[in-house]
Amino acid sequence: MKTNLTFDLINGTFQPTEAKNVLFTLVKDKINFHELEMFSAYERYGIELPHSKKRVAELKNSLLKIEETIKELEKSNADIQITGTIEIIAVEKKEKHEVF
């Protein structure tokens, strides 16, 4: 089975404030996703999800880097081009021994 899909999630030029809003919204939504997964796993099964915990930390670090970068670009009075492509690929399932 080979099912692939690729599409542009973001493809445009933005003013710094707009770029920050777009990027922060995406990253914060992903953080919220992982935090809900962790909360649900802990409440339902009493387990922690190390991968989600690690991703939240990585994503929070990304927010700091985004903010720093946009501040620098604001000083140069530049617009910001953002491209973000999503690629969906069917992969063979691996056996899981955990709840999620």
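The side chains of Lys60 and Glu35 are joined by a salt bridge, with N and O 3.8 Å apart; the term denotes a side-chain nitrogen of Lys or Arg within 4 Å of a carboxyl oxygen of Asp or Glu. Lys60 belongs to helix α2 and Glu35 to helix α1, so the pair ties together parts that are 25 residues apart in sequence. Helices (H or I, at least four residues) and strands (E, at least two) are DSSP runs, numbered from the N terminus. The model is predicted: local features need pLDDT of at least 70, side-chain atom pairs count only at pLDDT 80 or more, and totals for chains, interfaces and linings use all residues. Residues are numbered from 1 along each chain as its sequence is written, and side-chain values use heavy atoms, with hydrogens and water left out.

The whole structure holds five salt bridges. In another of them, Glu67 meets Lys20, the closest N and O atoms being 3.1 Å apart. Since Glu67 lies in helix α2 (residues 50-75) and Lys20 in helix α1 (residues 16-45), this pair ties together parts that are 47 residues apart in sequence. Glu67 is partly exposed at 28% relative accessibility (buried means under 20% relative accessible area, exposed over 50%, partly exposed in between, with a 1.4 Å probe and protein chains only).

Within helix α2, Lys75 and Glu72 are three residues apart, which means a separation of about one helical turn. Their side chains form a salt bridge (3.2 Å, N to O). Lys75 counts as exposed, at 65% relative accessibility, whereas Glu72 is partly exposed at 48%. Lys54, Arg55 and Glu58 are linked in a network of salt bridges.
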